[in-house]
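Here is a short briefing on one structure. Keep the model open as you read.

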Amino acid sequence: MTKGELKERWETILDQLYSDIERIKVDNFFRPLTPVKISESKNIIYLITAGANSSFYQNMINNYKKSLDKACEKVMGKVYTMEVVDNEPTEDSDEPVPEDSSYGFNPRYTFDTFVSGPNNQLALAACLAIADKGYAKEYNPLFIYSGPGLGKTHLMHAVGQYVKKNFPKKKVMYVSSEAFTNELIKAIREKSQEAFRNKYRKVDLLLFDDVQFISGKESTQEEVFHTFETLYNSRKQIIFTSDKPPKDLEGIPERLQSRFSWGLPAEIQPPGYETRVAILNNIATLSGVEVTPVVSEVLEVIAQNVTSNIREIEGAFNRVNAMSKLTNTEISKDLAKRVLTDIFDTPKTKEITPENIKKAVAKYYGIKVADMESGNRSRNIGYPRQIAIYIIRENTNYSLPQIGKLFGGRDHTTIRHSYEKMCEEIKTDKDLRSAVENILATLEE
Ligand code: ADP
Ligand code: MG
């Protein structure tokens, strides 16, 4: 990333802050800072001030860390530490030439560090197919959508880095809605639209993050539309991410919505329990923590309690790990409970009712209650459904026909079959037993 680009991103971050912090504060605490360097390996953006009062500004940055992190994540695709320095840092030797090796992408966001699971299979497969050749006609555009913190930006960076590395001649461009919009506004103001257009319409791979934020912004939409047309017609790959499927994007014109669906819309769902544990194992290993049986237990506890956002799962682990290092104590369940009181103290659904059981099972497997009630017979739905039936039968007085009603009006013989099958399996299947225990634990505590 050039200094000019970094400056532009920083200004976009500050514009974002207006929605969170009073304007007068943003202008006085943060505007006086100029970014001079970004370190991908250390995850730091270095800022300098005109006067010699860096500690004042550093304090402000620390005070507003939450809001800054949020804005930074939106614009940069991830959180950077903001460090105010008196002098522009010189090239340091421990910096493993990040700009060259990761091309401005987060070096941690690669395919190697991405854990696959039934929840992200399709999106991952499509990304790999695109990365393989730099272009995949049948997946153009690829439209990845999901709730927050489920790996959309990670996958985009993975494709970007892979293509850059394996096809050095290909031009790859990553941009978020905010950065795109701000650059466009600036281009209009400075009458440099031609350069702006060339920048985005002459690439081989365009990675457009969080496209939902172009909602209601007409000139941005117009520009996205023409960029899309140019790239698509010249057989260039486009990947979008969004928090919703194309048809649910309000404030975005129909012609764009329909183009978003021309290739492959792929949803990433919240990860199921096994995937959450696998991700945690990965995070621990990447942080240099040996996964001993005790650590493994801690990971399981985290996976049981933090379910819908991988960023939060990582956050929970990092907090425990940081505390362990800080106090020089080994990671243990006890330590985790002390550090993660906010997570563990959230009131649990107490009553063991069929509705709560269904909810607990759905949450555990990262699926929707409605899926279990539907006719969907795929294994990733059917198996949790059987478990829910088993737990309800064992823990409530509901009759087989009544349970049938709870699952979209299934016949009582079907319910009996599921129940008996589970009764058999649980005798020999250790994983199933622990799954049932874990689910009940979330209800009983
Ligand atoms: P999104 O863009 O969907 O909000 P991110 O890509 O920023 O989510 O992911 C949030 C965090 O979770 C990142 O640190 C990312 O590395 C991690 N993460 C998400 N999905 C996975 C996965 N399948 N395997 C490993 N890490 C993941
Ligand atoms: Mg993202």
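**Ligand contacts and aromatic rings**

An oxygen atom of ligand 1 lies 2.8 Å from an N or O atom in the side chain of E314. The protein covers 95% of the 550 Å² of accessible area that ligand 1 has on its own. Bear in mind that this model is predicted.

**Around ligand 1**

- The elements that give two or more residues to the shell around ligand 1 are α7 (152-166) and α14 (310-326).
- The ligand is surrounded by 19 residues. The closest are V115, G149, K152, H154 and E314.
- H154 also has a polar side-chain atom, N or O, at 2.7 Å from an oxygen atom of ligand 1.
- L150 makes its approach through the backbone: a polar backbone atom of L150 is 3.2 Å from an oxygen atom of ligand 1.
- Sorted by class, the shell around ligand 1 holds 7 nonpolar, 7 polar and 5 charged residues.

**Aromatic pairs**

- How many aromatic pairs does a search of the whole structure find? The search finds 23.
- Take F105 and Y174: their ring centres are 6.4 Å apart and their planes stand at 80 degrees, so this pair is edge-to-face. The cut-off for that label is an angle over 60 degrees.
- Where do F105 and Y174 lie? F105 is in the loop between α5 (98-102) and α6 (121-133), and Y174 is in strand β5 (residues 172-176). The pair therefore ties together parts that are 69 residues apart in sequence.
- Are F105 and Y174 buried or exposed? Both are buried.
- Y364 and Y365 form another aromatic pair, also edge-to-face. Their centres are 5.0 Å apart, with 75 degrees between the planes. Both Y364 and Y365 are buried.

**An aromatic cluster**

- Which residues form one aromatic cluster? They are F143, Y145, F180, F196, Y200, F208, F228, Y232, F240, F260 and W262.

**Charges over rings**

- K170 lies over the face of F167, and its distance from the ring centre is 5.7 Å.
- R379 places its charged end over the ring of Y383, at 4.4 Å from the centre of that ring.

Conventions
Residues numbered from 1 in each chain as written. Chains lettered and ligands numbered in written order. Predicted model: local features only at pLDDT ≥ 70, side-chain atom pairs only at ≥ 80, totals over all residues. Heavy atoms only, no water. Phe/Tyr/Trp six-rings, centres within 6.5 Å; stacked < 30°, edge-to-face > 60°. Helix = DSSP H or I, 4+ residues; strand = E, 2+ residues; numbered from the N terminus. Buried < 20%, exposed > 50% of the residue type's maximum accessible area, 1.4 Å probe, protein only. Lys NZ or Arg CZ within 6 Å of the ring centre and 35° of its normal. Near = heavy atom within 4 Å. Polar contact = N/O pair within 3.5 Å; in protein donor to acceptor, adjacent residues only side chain to side chain. Areas by Shrake-Rupley, 256 points an atom, 1.4 Å probe, with all protein chains shown as cover. Nonpolar A, V, L, I, M, F, W, Y, C, P; charged D, E, K, R; others polar.
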